[in-house]
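Visitor: I would like to learn how to read a structure like this one, feature by feature. Could you take me through it slowly?

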Amino acid sequence: MLGGPGLESVVDQIISVITNDGRNIVGVLKGFDQATNIILDESHERVYSTKEGVQQLVLGLYIIRGDNISVIGELDEELDAGLDLSELRAHPLKPVIH
Amino acid sequence: MLFFSYFKDLVGREVTVELKNDLAIRGTLHSVDQYLNIKLENTRVVDQEKYPHMLSVRNCFIRGSVVRYVQLPPEGVDIELLHDATRREARGG
């Protein structure tokens, strides 16, 4: 029985994190711990809006605290390359309500 | 421990996880841990038009603390077994 989250398989890969406040942050997973705190390198935030295309804000090297994380997704770079983010319109994700 | 064991038995099944931010993700249950964190494979967001935020994601890790519901296929549920197990857990725990 593994103590922490089974994230070893995605270390050094690009992941998409959804945080509890509804943000989407993409970056390379460099490390994690039992509490799902993560280290994300080369990260940027993807801001979705209904009025304009997806905005990408460069963040750099980040530590995201585990209790603020909802989802960690393995980003498929092929699929992602096929997306036209400038044409994507969507409401921002809702924040988590416990 | 009961639900950890229960989910371990469901590995391989198609489930839909509804999160506390109203996002619903469908996928194959790959693994679960003691915190009921869930790893899904072959994921699709249920309302992709409304939630295109995970279009390029096919495998994901969902933190247990953020799960509202886990929707199971009815064939995957032995309701009598579950009923007995929870009764025993309630008595002992």
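**Reading salt bridges, a helix and a cavity**

Guide: Let us start with a single residue of this predicted model: B:Glu14 has a relative accessibility of 34%, so B:Glu14 counts as partly exposed, since that label covers values between 20% and 50%.

Visitor: Which residue does the side chain of B:Glu14 meet in a salt bridge?

Guide: The general idea is that side chains of opposite charge can pair when their charged atoms come close. Here the partner is B:Arg26, and the N to O distance in this salt bridge is 3.0 Å. B:Arg26, at 37% relative accessibility, also counts as partly exposed.

Visitor: How many salt bridges does a search of the whole structure find?

Guide: Over all chains, the search finds 10 salt bridges. One of them, in chain A, joins the side chains of A:Glu45 and A:Arg23, with 3.9 Å from N to O. Because A:Glu45 lies in strand β3 (residues 38-47) of chain A, while A:Arg23 sits in the loop between β1 (14-19) and β2 (24-32) of chain A, this pair ties together parts that are 22 residues apart in sequence.

Visitor: What span should the 14 residues of α2(B) have, and how far apart are its end C-alpha atoms?

Guide: At 1.5 Å a residue, the 14 residues of α2(B) should span 20 Å, and the end C-alpha atoms are 20 Å apart, so the two values agree. As for its cover, α2(B) is hardly covered, with one buried residue counted among the 14.

Visitor: Which pattern does chain B follow when read along the sequence?

Guide: Chain B has two helices and five strands, and read along the sequence they follow the pattern α-β-β-β-β-β-α. The C-alpha trace of chain B spans about 45 × 25 × 20 Å along its principal axes. Of the 93 residues of chain B, 44% count as buried. B:Phe3, which lies in helix α1 (residues 2-9) of chain B, counts as partly exposed at 41% relative accessibility.

Visitor: Which residues does A:Ile39 touch, not counting residues up to four places away in sequence?

Guide: A:Ile39 has its place in strand β3 of chain A and, at 35% relative accessibility, counts as partly exposed. With those sequence neighbours left out, A:Ile39 touches A:Val28, A:Leu29, A:Lys30, A:Gly31, A:Leu61, A:Tyr62 and A:Ile63.

Visitor: How many cavities of 30 Å³ or more are there, and which residues line the largest cavity?

Guide: The count comes to one cavity of 30 Å³ or more, and about 30 Å³ of space lies in the largest cavity. Residues of chains A and B line the largest cavity, including A:Arg46, A:Tyr48, A:Asp80, B:Pro52, B:His53 and B:Met54. By kind, the residues of this lining divide into seven nonpolar, two polar and two charged.

Key:
Residues numbered from 1 in each chain as written. Chains lettered and ligands numbered in written order. Predicted model: local features only at pLDDT ≥ 70, side-chain atom pairs only at ≥ 80, totals over all residues. Heavy atoms only, no water. Salt bridge = Lys/Arg side-chain N within 4 Å of Asp/Glu carboxyl O. Helix = DSSP H or I, 4+ residues; strand = E, 2+ residues; numbered from the N terminus. Buried < 20%, exposed > 50% of the residue type's maximum accessible area, 1.4 Å probe, protein only. Contact = heavy atoms within 4.5 Å. 1 Å grid on protein atoms, 1.4 Å probe; cavity = no way out; pocket = protein on both sides within 12 Å on 5 of 7 lines; lining within 4 Å. Points joined across faces, edges and corners; volume = space filled by probe spheres on them. Nonpolar A, V, L, I, M, F, W, Y, C, P; charged D, E, K, R; others polar. Expected span 1.5 Å × (residues − 1).
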